[in-house]
Amino acid sequence: MSVPISQMWTVASYVIRQKLERRARYPLVLMLEPLFRCNLACAGCGKIQYPPQILRKHLTVEQCLRAVEECGAPIVSIPGGEPLMYPDIGRLVRELVARKKYVYLCTNAILLGEKLEAGVFAPSKYLTFSVHLDGLREEHDDAVCREGVYDTAVAGIREALRRGFRVTTNTTLFDGASPIRMQMFFDEMMDLGVEGMMVSPGYSYSKAPDQEHFLRRQKTHELFRKMLEHPKPRWKFNQSPLFLKFLMGKQDFECTPWGNPTFNVFGWQRPCYLLQEGYAATFAELLETTKWEQYGRASGNEKCQDCMVHCGHEPTAVNHTFSSLRGFRDTVVATVTGKL
Amino acid sequence: MRDDDDLRASEASARSSDDLTSYGLRASEASYGHGGERGSLEGWEPVIGAEVGLEEAIDRAFDYRGDVTVVRQDGAEIVGYLFNRNAEVSRRFVQMFDRAGDGPLTIPYAEIRTIRFTGKDTAAGKSYEAWLRRKTERPTVPVVSDSAREA
């Protein structure tokens, strides 16, 4: 585990507070999408297929801050679209850091070097650049459908690290991913000096015609077991070890769809970051009026049957850590020993 | 100027991407068999009542990744992107951003006569197979530096 103690403490005390207040549903990470516009068209992403007037839209900083306030989650993840294309990204991050929110700015890093050079950001323990890398050069450039992006992203990472920023990577894995190549990728990222890595399987609708290219549950277990059965001590993952055990099939978790709520130009997305089944005007309305029982594997909803994505299951893993002595013990053991 | 460039890049990306989604993708479900590539609804003008119920037409408009034309009972038309619908409240409604991006406009179901799928389906033709085909037909696009992009 590579999460700093202060961040762990913030999350732990927040979760314990929710439990003491007996809140049945609480958010852990706000997924804040200030815009849908992007400078890439990745093979696994469906966020950018909108008419021009929607791609032109973006949230104001004030709208973003209201959402952060409403939600109350200790961590704010800023995906998109490409957040470095958001015109007020510097101000937004400054405001969030001032509110002591742990910010994960999820970027393809094409513009990272330019923004750093322009002094848009200042290093802070509250700010992490989470750089999208779906594997080594060949795999990543293939996934993002553009040559040279891997090298540009790595250059951005180097520059961010040189300037004292926190940097992690986020990786989505599809069917056909090679465990050995992924292990080489982990080595390369550690050599690069990133603080930690985040990995997650991709998501597909059960009805999608091309679903064979996504990882189904059994394949997900096999891939992650092969990758992580004997993790090198130097590999650092910026996520719950229990979530990694879940991906390896060593732990079974239900989805917590309200754990990573999503806010974008349409409002609060129902029910989760992955499914778009409508929008609520406020976070309270989202929590109160979404039919949560219709989602997650146990619900029988076919869209949820093969989903093992981090945004629904990592909050479950974190909640599990603080729900029982066993959960806490398992997390501590995995964190200290590095064994999964 | 930069924003326009970014938008063009985004639109070009949208045209050249596919719907193999790791993240939420209504687009991949737009296979209703109403013509167009891979069953896109582009150009569909449903006859409400005879062909399909209003509620179903609204659901399909909600799934559609292009502009639609909402025709009110009085004949007035609103063109834009329908991003939300709520059929579980007493006064059921849809929400749209118009073609200028203004909104959201909220329209009760009761005021809608029909919906036409008039805008380009931005998700059409973006199957994984189509992406693979394009990939083999032409080399991948190299990263263009931002200074070059601005030039």
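**A chat about the model**

Guide: A:Leu40 sits in the loop between strand E1 (29-32) and helix H2 (52-56) of chain A; helices (H or I, at least four residues) and strands (E, at least two) are DSSP runs, numbered from the N terminus.

Visitor: Is A:Leu40 buried or exposed?
Guide: A:Leu40 has 22 other C-beta atoms within 10 Å, so A:Leu40 is buried. The cut-offs are 20 or more other C-beta atoms within 10 Å for buried, 12 or fewer for exposed, and partly exposed in between, with C-beta atoms placed from the backbone.

Visitor: Before we go on, what are the ground rules here?
Guide: This is a predicted model: local features need pLDDT of at least 70, side-chain atom pairs count only at pLDDT 80 or more, and totals for chains, interfaces and linings use all residues. Residues are numbered from 1 along each chain as its sequence is written, while chains are lettered from A and ligands numbered from 1 in the order in which they are written.

Visitor: What is the mean pLDDT of chain A?
Guide: For chain A the mean is 92, and 96% of its residues reach 70 or more; pLDDT is the predictor's confidence in each residue, from 0 to 100. Residues 205-211 of chain A are below 50, and that stretch has 17 contacts in the model beyond near neighbours in sequence. A contact here means C-beta atoms, placed from the backbone, within 7 Å.

Visitor: What about chain B?
Guide: Chain B has a mean pLDDT of 74, with 57% of its residues at 70 or more. Residues 12-37 of chain B fall below 50, and beyond near neighbours in sequence they have 92 contacts in the model.

Visitor: Which ipTM does the predictor give the complex?
Guide: The ipTM is 0.88, and the pTM is 0.87.

Visitor: New topic: how many helices and strands has chain B?
Guide: Chain B has 4 helices and 6 strands, in the order α-α-β-β-β-β-β-α-β-α from the N terminus. Of its 151 residues, 37% count as buried.

Visitor: Back to chain A: which residues make the contact of H3(A) with H4(A)?
Guide: From H3(A) they are A:Val61, A:Cys64, A:Leu65 and A:Val68, and from H4(A) they are A:Arg91, A:Leu92, A:Glu95 and A:Leu96.

Terms used: Contact = placed C-beta atoms within 7 Å.
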